[in-house]
Amino acid sequence: MNDYDPTSPDDTNAASGPSVSATSGGADATQPPQPASSPNEPASVAMAEQAHRLSLRRFLWNRKRRWIVATALCAVIGVSSYAATSASATAASPSATPGQSASGSGAGGGSRFGGGGGGGGSNARSGPAAGGSSGTVTSVSTSKFTITTSAGQKVTVNETSSTTYQKGTSSTGASAITKGEPVLVLGTTSGTTIKATQVTVQPTGSGGSATSTAAGVIPFQRGAQTTSKQIGQIPANYSEGSGTIVSGTAANKATKAALAAYPGGVVDRVVQISNSEYEVHYIGVNWPHHIFVNQDFQVVGAD
């Protein structure tokens, strides 16, 4: 601390010399005591020195008081600004959008080795979700097999303890899944991996989704530009990314319908849109990307 910024008036007094009693004739009683003049000094010099010291003490004390007041004022302004900013931020924060949560039953089935299928949610871009694919079995191993779709997409199918198997309309077992068999797989889809809840071996040449053909399906080609076209009826109020993801029976029926009309890709979610129809989200091909299914589970359009 330098001489021009004392910590208190008392510190200055202590450095100034011995004190004297305040007088009633002109000296302020509240001011620090004044030192006595030396008998060898002329009276005018002693008085001038005394006046100089008194003026310096007042200057320093007034300076410190201004510093204390300024510090306190800054603190008050800072607290007020923080309160105003907090209030503004609270007022500007958007509230949760009504209807964003949605319930969904499991897509049916858990896992041959534990776990559950299905899922639901409010965001049409969430995942994994109920879906499926169809194609020909290309390899079989313990608890999984792979299929290749009619458009050349490879799909991994994980079997679980709750996976059910059918051959046509009759129940069967996992042993029915052999290389070369055409199958339809339903379950929880994550990319090109499906956790199967139901696997159906489809009769060859009987019009099943694994063997049917649909004009216009464009296989995926790396680097190729996505085709943009529309076929059939596209809901007028449809907005990509809107709707509610569904699971269970509705998702399975919509997936089957989409795969029968447009085999070759993978359904990775089914979304119920505002007019109660369904948008089946399709990946693994360059077209279609969305398949629209009505309330009777009939395909009405694609884009």
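1. Leaving aside neighbours within four places in sequence, Gln 198 is in contact with Thr 163, Thr 164, Gln 166, Leu 184, Val 185, Leu 186 and Lys 256, where contact means heavy atoms within 4.5 Å. Gln 198 is found in strand E7 (residues 193-201); helices (H or I, at least four residues) and strands (E, at least two) are DSSP runs, numbered from the N terminus.

2. The model is a predicted one, in which local features need pLDDT of at least 70 and side-chain atom pairs count only at pLDDT 80 or more, while totals for chains, interfaces and linings use all residues. Residues are numbered from 1 along each chain as its sequence is written, and side-chain values use heavy atoms, with hydrogens and water left out.

3. Gln 198 has a relative accessible area of 19% and is therefore buried; buried means under 20% relative accessible area, exposed over 50%, and partly exposed in between (1.4 Å probe, protein chains only). The side chains of Gln 198 and Gln 166 are joined by a polar contact of 3.5 Å. A polar contact is a pair of N or O atoms within 3.5 Å; within protein, one must be able to donate a hydrogen and the other to accept it, and residues adjacent in sequence count only if both atoms are side-chain atoms.

4. The largest nonpolar core has 21 residues, and those with the most contacts inside it include Tyr 262, Val 267, Val 270 and Val 280. Such a core is a set of buried Ala, Val, Leu, Ile, Met, Phe, Trp, Tyr and Cys residues joined through side-chain atoms within 4.5 Å. Helix H3 (248-261) and strand E11 (266-272) are among the elements that each supply at least two residues of this core. H3 gives the most, with 5 residues. Apart from this core lies another, of 15 residues, among them Val 155, Val 183, Val 199 and Val 201.

5. Strand E1 (residues 129-141) is joined to E6 by 8 bridges, and the two run antiparallel; strands pair if DSSP finds at least two bridges between them. Thr 136 stands opposite Pro 182 in E6. E1 is also joined to E11, antiparallel, by 2 bridges, and Val 267 in E11 is the bridge partner of Gly 132.

6. A search of the whole structure finds 1 salt bridge, that is, a side-chain nitrogen of Lys or Arg within 4 Å of a carboxyl oxygen of Asp or Glu. Asp 268 forms a salt bridge with Arg 269, with the closest N and O atoms 3.7 Å apart. Both Asp 268 and Arg 269 are buried.
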